[in-house]
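Colleague: Before we discuss the side-chain contacts, could you put the structure on the screen and take my questions one at a time?

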Amino acid sequence: MATSRDQLGTLEAEGSSGHRGYSGVEVVLSSDPATPAPLCPHGPTLLFAKVNQGKEETRRFYACSACRDRKDCNFFQWEDEKLSGARLAAREAHNRSCQPPLSRAQCVERYLKFIELPLSQRKFCQSCQQLLLPDDEEKHHEHPVVGDVSITQLKRPSKLLYPLENKKTNAQYLFADRSCLFLVDLLSNLGFRRVLCVGTPRYSQFYMEDSFCHYNMFNHHFFDGKAALEVCRTFLQEDNGEGVVMVADPPFGGLVEPLAVTFKKLIAMWKEGHSQDNSQKELPIFWIFPYFFESRICQFFPSFCMLDYQVDYDNHALYKHGKTGRKQSPVRIFTNIPPNKIILPIEEGYRFCPLCQRYVSLENQHCEHCNSCTSKDGRKWNHCFLCKKCVKPSWIHCSICNHCALPDHSCEGPKDGCFICGELDHKRSTCPNISTSKKVNKAVRKQKQRKSNKMKMETTKGQSMNHTSVTRKKKRRERTHQYLCS
């Protein structure tokens, strides 16, 4: 995408699968602004509250905004906890030790030196994911290295970098070429000249200081301080804010609430450069996210609509082009740009609905009762006259629940309690029956392991017999050869 832009502004998403959004824990956005959140290696933490049977428990806590697994960032602090000076100093030292080895200024200095090198000396270490200068080569002589790195390759860092694949922290899925080209053509046809990309991790070594900011999208934190914030502000407000669009591709495990708060801060930053006459205008945004978050996104941004276009990823096992039915990619584009201005590719099966005045997927049929093309997942939905809306084709109306659901759903509704015994007054981790559950699971794992070992033994035995037979034939050939030569 970078090669098709007149100018590029980039914000890095620190961590890529968001933060703790499991059942029973909610993020608290109405914290006291006079009390700054404590810092972890990923910037200001977020305030969370445990919810039990719909009621918030009394004690809140701070945790990392970017990592939902404590193994990746183990920060935890009660909201009312007082820390000693020694603990605060140790935390600050730990946070500094977790920062990237090179500052933004050092990355820029290395980049300028790198592009001045002759093509034969431009090398990239695949093990360390780093551009190499001549003085670095000795340290990387045993690593796989890509040579003759061209300027074209430098403009598309994702072609050089290996995507990280820790799903809970920084899973990076790359747009398929068709989705990438569609977005580039779309932005160009809509007249945008500058693109603020929110969610482009580890690109620091490929861009100048005025084109990249190390940023955490879950807490609006610029790691390089006010200087980086001013770079972003200048980019958004250039030409009185005209010709710029924001494209965000957040990790799908991230909570919508903190993302929405961050995006509103970027919108406010963009609006600062506008006159009062243009105060009603909105920063054009493309937010790429799964369709089942539509209600949450539109709750924070009522002017947004969801496009039918299915965004595909090259290195994701499920979100790939060409799948049908329920296996289609659930990733969509949410935008505040009127949908009648956005043309979806007809050659990929999209069509224009004259009644809705927008492009929709081929199976998304217009419902005369809803007066809309109602499908969200690419399949044809059916209208339920009792629910007075269209529902998924696999759903049926339940007279007990008085709404449509899957045929094998539980009429009692989802339970918030323990996954082991079903009681509502505790969670799985504190269940008194957890030892029994572990024993059962352990027995099942042992049984599976025995079957696996038995299959391996049989395979090994077969291979051994084959090897013995081959060895005997080889010895007979050797004896025959010796006899003929004697």
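**Rings, strands and charges**

Modeller: Please keep in mind that this is a predicted model. F252 has a relative accessible area of 21%, so it counts as partly exposed.

Colleague: What geometry does the aromatic pair of F252 and Y313 have?

Modeller: A search of the whole structure finds 20 aromatic pairs, and F252 with Y313 is one of them, with the ring centres 6.1 Å apart.

Colleague: Which residue lies over the face of F301?

Modeller: F301 is a member of the ring cluster that also includes F289 and F304. The charge over its face is 5.5 Å from the ring centre, and it belongs to K264.

Colleague: Is strand β16 largely enclosed or open, and how many of its residues are buried?

Modeller: β16 pairs with β15 in the parallel sense over three bridges, where I285 is the bridge partner of M246. β16 also runs antiparallel to β18, to which five bridges join it, and P290 stands opposite V331 there. The strand, residues 285-290, is largely enclosed by the rest of the structure, because the number of its six residues that are buried is six.

Colleague: Turning to the charged pairs, how many residues apart in sequence are the parts that E294 and K376 tie together?

Modeller: E294 and K376 form a salt bridge whose closest N and O atoms are 3.1 Å apart. E294 lies in helix α7 (residues 294-300) and K376 in the loop between β22 (372-373) and β23 (382-384), so the separation of the parts tied together is 82 residues.

Colleague: Are D308 and R358 buried or exposed?

Modeller: The side chains of D308 and R358 meet in a salt bridge at 3.4 Å, N to O. D308 lies in the loop between β17 and β18 and R358 in strand β20 (residues 358-361), so the pair ties together parts 50 residues apart in sequence. As for accessibility, D308 and R358 are each buried.

Key: Residues are numbered from 1 along each chain as its sequence is written. This is a predicted model: local features need pLDDT of at least 70, side-chain atom pairs count only at pLDDT 80 or more; totals for chains, interfaces and linings use all residues. Side-chain values use heavy atoms; hydrogens and water are left out. Rings of Phe, Tyr and Trp (its six-membered ring) pair if their centres lie within 6.5 Å; planes under 30 degrees apart count as stacked, over 60 as edge-to-face and the rest as tilted. Buried means under 20% relative accessible area, exposed over 50%, partly exposed in between (1.4 Å probe, protein chains only). A charge sits over a ring if NZ of Lys or CZ of Arg is within 6 Å of the ring centre and within 35 degrees of the ring normal. Helices (H or I, at least four residues) and strands (E, at least two) are DSSP runs, numbered from the N terminus. Two strands pair if DSSP finds at least two bridges between them. A salt bridge is a side-chain nitrogen of Lys or Arg within 4 Å of a carboxyl oxygen of Asp or Glu.
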